Amino acid sequence: MSATPWHDEEEGATAVAPHTEIIPLNVKTPTADAPDPATAAALEEQWADPAPGIIGSLKAIQNDVVGGRIMRTAFGFFLIAGMLAVLMRFQLIQPENDLIAPDTFNGLFTMHGSTMMYLFAVPMIEGMAIVMLPPLLGNREMPFPRLGVFSYYTFLLGGLLFFSSYLLSSVPDAGWFAYAPLSGPEYSPGIALDYWLLALGVAEVAAIAAGIEIIIAILRMRAPGMSLGRMPLFLWAMLVTAFSILFAFTPLIVGSLLLELDRKIGTQFFNPNMGGSAVLWQHLFWIFGHPEVYIQFLPATGMMAMIIPVFSRRRIIGYPLVVVAMVATGFISFLLWVHHMFAVGLPQVTLGLFTAASIFIAIPTGVQIFAYVVTVLFGRPLWKTPYLFAIGFLFTFVMGGITGVMVGVVPFDWQVHDSYFVVAHLHYVLIGGVVFPIFAAIYYWMPKFTGTLLNETLGKWNFWLMFIGFHVTFFPQHISGLMGMPRRVYTYPPGMGWDIFNLISTIGAVILAVGVLVFLVNFFYSHRQGEPVVRNPWGADSLEWALTSPPANYGFSVPPIVHGRHPLWDQDSLAKGTERVEGIVQGLARWPLKWRATLVTTITDAAPVEIFRVSGPSFWPVVCAVGLVTVFGSEIFSLRPVALIGIGILLIGVVGWNWPQPNPTSTEEELAFEAKYGIPVRPYGSRVVTLSAMWLWLLLLGIALTTFTFTYFYLRVESSMWPQGNLPLPNVLWVALATPLLLANGFTARRSVQHIRADEQGRLRLMLGLGFLLEVAVLALFVYDLGQMPFDWSTNAYGSIFFAIAGFMILLLLIGLGTNLFTQFWTWRGIYSSTRSATVENNANYWLVMIPYWLIVVGILYGSPYLGGGG
């Protein structure tokens, strides 16, 4: 008998968990239906990645492979960041230490903070989501497996590019926040800050790409019956997180672009002498920076919502309240950014409003913590390693939350701002609130994908060393901060009373590092000699534990049917449902066996609406990643010809990635299945998923436009006159001519959709061609008008933001032209029809949304200046 804590195969086990408070240890949970050997072999072959080797490895798209690579790479960056932190602690072990030079120390804390924030926490969480979502959702794969591959390689190459700064002795040294004007061209010449802006910009693109995939997977690829009210809380947490990533990372990318333009082509966004504002960078950065804390916290609390009920042996208490609290936390997190700017000199009314918001967010956060604590108190705890890390999270995060409310109060914040008190608070929130849950999740879920348990004895050593080491490291920093020790200093004078606290902190850092080392030993030891696990070693309640350990490549041969929030505790079978739903899921177990088929469901109640073909292995995502990194990397060194080559590689990769497959011929079985169950079978890709991706892309562009708009009006309010420098008002003639042409293009876009749905190919081609001519005319008129401007982007901040917004609009028009050309090309090849219309619809949707975006841009650039002066 295995020594696992309980066993779903145990004789005499309870068939279904009774609806009582405490779940029996010997509950027998249902398992996924296993196909016959021939079907299993066919499914395994169809869903397997290419043969091992360099090319096969680059083309691999399985969610567990891609997500596992992201997690391993992120953990590697975590180890590097930890080593940098230990070096800093040894420098601060005693006063006036000269172990590390001041400039080197500045680089250490910049690289440490940037690595933890951009290259560890969010990628680690997204990697775990890519691994876990298909089995948790009861589906076979992520909606865009190739997008996951692209996300990984952009993340990997961006991280390597970032650390290549050490090779050229150009290490960023302006902090993980890169405040202007310190990060501007005057005070940070050279390429060090360009590394920070551009290399991390690549990683930010990777985060957004993964976020889009996570949103669509959760909203559109849940098991039949898994309504929004039955979703595991980890899925709710990841859904809120993924949307937050879109809304937070996009302003950071825009802000980084503006700062890079200041550094490279002489714009004036952050130059106060030319109408810019250094404080503007803080606004743009913290609009990202504070939500970033909750982007890390929410997935962590979602992990706790999965682990705590299992090891407390009872269902989570307050499920609806926790869901509302998660959504509220994500929303309120975007209303707090000035929380970090209390010492800047903002108006008192502003400070009061943001103080209230900073304290108010403790309510939804507290609801989640109380739900977990009450579940623990009213459960029957089993003190396994995942549970220890979960309890460590609760204890540590509550302490960090209390200090967070303290620094949300303006008078107190003024006293501790930029002191070690803030360092302690930040690490209590981000290590206690993120790192501990990540370790808990690794111990909890790793057996599912490796087939072996991590050693429990080493696991407990791992926890206690990390827990004790963490508190010994960071708790004394509260005291040294209250005693006045500033953060980000490479040394300090004796006699200040800080000596003993820095010594204790350094000892704690060594203990913490030893704890991480114990985990590495445990990981490699257990991977080779770990105890084999049964299907559900923890007696857990969610769908992933119905699969074998490790799961087959195809995951569920028969998608499960869900009837509650805890399907493995509440159901004796995963195959029972209505006749239609049972027929659909059973059909997927028999066919199609010649392409990678999976299921799409409705957003609210998860009713089946589509069976579609998931994309297969491809080299094109790697090509796109290389092209993107080439563009960003060449700009570090101002190698514009190389950047053009990178753009060419990127465009080739995008076209190759989206190159459609020939229209397949539907088999009689597929046609009969469609007729019987009323569900379309799409062997060329999902219409629902494709349209969803386009709407998220348009949302992303809208967020970017909103960020530019915020920048414009911030600069305007801060200026005594507008346009600055008595510049002439813009001429509206050419944009006035272009606007009706764009409106007419909206008509052709709508008609193109009507024609494709009616299979009127000739009229479709006519509308697309006419639309293309209108689009070119709009672009030409706009570019001509910009060429007539009596100022440029370097004149002052007004000229900078004018041409930045205009350049963004030109980019949107060029993207639309490319989309139209691609659609026209394949329309003339006869590949689209009423049953394969998503690309035509996406082209139309893009251009219809460009109309309000254009009107906003024209209103801001050409209408707003006529309204009069600035602030």
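**Q477 and its contacts**

Contact here means heavy atoms within 4.5 Å. Leaving aside neighbours within four places in sequence, I found Q477 in contact with R89, Y420, F421, V423, A424 and S505. Q477 sits in helix α15, residues 456-482. Helices are DSSP runs of H or I with at least four residues, strands are runs of E with at least two, and both are numbered from the N terminus. The cut-offs are under 20% relative accessible area for buried, over 50% for exposed, and partly exposed in between, with a 1.4 Å probe and protein chains only.

**Ground rules**

I noted that residues are numbered from 1 along each chain as its sequence is written, and that side-chain values use heavy atoms, with hydrogens and water left out. As the model is predicted, local features need pLDDT of at least 70 and side-chain atom pairs count only at pLDDT 80 or more, while totals for chains, interfaces and linings use all residues.

**The chain as a whole**

I read off 26 helices and three strands for the protein chain. Its radius of gyration is 28 Å, close to the 29 Å that the globule rule gives for 871 residues, so the chain is as compact as a globular protein of that length. That radius is taken over C-alpha atoms, and the rule is 2.2 Å times the number of residues to the power 0.38. The C-alpha trace spans about 85 × 85 × 50 Å along its principal axes.

I then checked burial and found that 61% of the 871 residues count as buried. Among contacts with a separation of 6 or more, 82% are between residues 24 or more positions apart. The chain exposes about 32,000 Å², and carbon and sulfur atoms supply 69% of that area. Accessible areas come from the Shrake-Rupley method with a 1.4 Å probe; for residues, only the protein chains shown count as cover.

For charge, I have 42 positive and 49 negative, with mean positions 7 Å apart. Lys and Arg count as positive and Asp and Glu as negative, while His and the chain ends are not counted. Each charge is placed at NZ of Lys, CZ of Arg, CG of Asp or CD of Glu.

**Aromatic pairs**

I searched the whole structure and got 76 aromatic pairs. One of them is W176 with F177: the ring centres are 6.3 Å apart and the planes stand at 65°, so the pair is edge-to-face. Rings of Phe, Tyr and Trp (its six-membered ring) pair if their centres lie within 6.5 Å; planes under 30 degrees apart count as stacked, over 60 as edge-to-face and the rest as tilted. Both W176 and F177 are buried.

Another joins W722 and P723, with omega about -5°. P723 is in the loop between α22 (687-718) and α23 (733-757).

I also looked at positive phi. S169 is not a glycine, yet its phi is about 50°. S169 lies in the loop between α5 and α6 and counts as exposed at 68% relative accessibility. R488, also not a glycine, has a phi of about 60°. R488 is in the loop between α15 and α16 (499-529), and its 27% relative accessibility makes it partly exposed.

**Sequence distance against space**

- R590 and A40 are 550 residues apart in sequence and 9.7 Å apart in space. R590 is in helix α18, residues 579-590, and is partly exposed at 49%.
- A672 and V626 are 46 residues apart in sequence and 44 Å apart in space. A672 is in helix α21, residues 668-677, and is partly exposed with a relative accessible area of 46%.
- V717 and L517 are 200 residues apart along the chain, with 53 Å between their C-alpha atoms. V717 belongs to helix α22 and counts as exposed at 54% relative accessibility.
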